[in-house]
Amino acid sequence: MTSGSSEEFYVRYYTGHMGKFGHEFLEFEFRPDGKLRYANNSNYKNDTMIRKEVYVSPGMLRELKRIIEDSDIMKEDDQLWPQPDRVGRQELEIVLGNEHISFTTSKIGSLAEVSSCQDPEGLRVLYYLIQDLKCLVFSLISLHFKVFRLSVL
């Protein structure tokens, strides 16, 4: 699958639950124009919601497409994956060219949980892709909003 710059592209990931601290979640999305939107809500110790928006370069979008294409997530099906439960849910939506996937499953706490599902190979693909995407997003957000102080000697 090749990804031309004019094709449709969108990625959204959500994971969250309702708990004793209310609706706690992490969500991010990449839009076709390069906008990365990030939100993290936790009411633990009265924390406030964190929202960040940043634009990424066309090169970064190409790399994101490559990561997604290399993962083979577009070939998967969530039919046999665990349904969301009281522990929480996670959602992944990707539009890549003329392909559109939208997966919903329960939160995955560890790779060991993946092995016990009816489609461990497919869920493993999702698990590793989500890990890669979260690392990428956290790096982009922290790099963009990092404040460097110049010390004058």
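**Figure 1. Helices α1 and α3 are roughly antiparallel to each other.** Two packed helices are described by the angle between their axes and the distance between the axes. In this predicted model, helix α1 (residues 58–71) packs against helix α3 (residues 120–145) at an angle of about 165 degrees, and their axes lie 10 Å apart. Axes are lines fitted to C-alpha atoms, for helices over the stretch in contact, and angles run from 0 to 180 degrees between N-to-C directions. Angles under 35 degrees count as roughly parallel, over 145 as roughly antiparallel, 65 to 115 as roughly perpendicular and the rest as oblique; α1 and α3 are therefore roughly antiparallel. Residues are numbered from 1 along each chain as its sequence is written, and side-chain values use heavy atoms, without hydrogens and water. Local features need pLDDT of at least 70 and side-chain atom pairs count only at pLDDT 80 or more, whereas totals for chains, interfaces and linings use all residues.

**Figure 2. Residues of α1 meet residues of α3.** On the α1 side are Met60, Leu64, Ile67, Ile68 and Ser71, which meet Val125, Leu129, Asp132, Leu133, Leu136 and Leu140 of α3. This contact (heavy atoms within 4.5 Å) involves nine nonpolar residues, one polar and one charged. Ala, Val, Leu, Ile, Met, Phe, Trp, Tyr, Cys and Pro count as nonpolar, Asp, Glu, Lys and Arg as charged, and the others, Gly among them, as polar.

**Figure 3. Asp72 has a positive phi.** Most residues other than glycine have a negative phi. Asp72, however, has a phi near 65 degrees. Asp72 belongs to the loop between α1 and β5 (89–96). With 35% relative accessibility, Asp72 counts as partly exposed; buried means under 20% relative accessible area, exposed over 50%, and partly exposed in between (1.4 Å probe, protein chains only).

**Figure 4. Arg31 lies in the loop between β2 (22–30) and β3 (35–41).** Arg31 also counts as partly exposed, at 29% relative accessibility. Its C-alpha atom is separated by 5.1 Å from that of Tyr10, 21 residues away along the chain. Apart from neighbours within four places in sequence, Arg31 is in contact with Phe9, Tyr10, Arg37 and Leu61.

**Figure 5. The protein has three helices and six strands.** Helices (H or I, at least four residues) and strands (E, at least two) are DSSP runs, numbered from the N terminus. Their order from the N terminus on is β-β-β-β-α-β-β-α-α. Of the 153 residues, 41% are buried.
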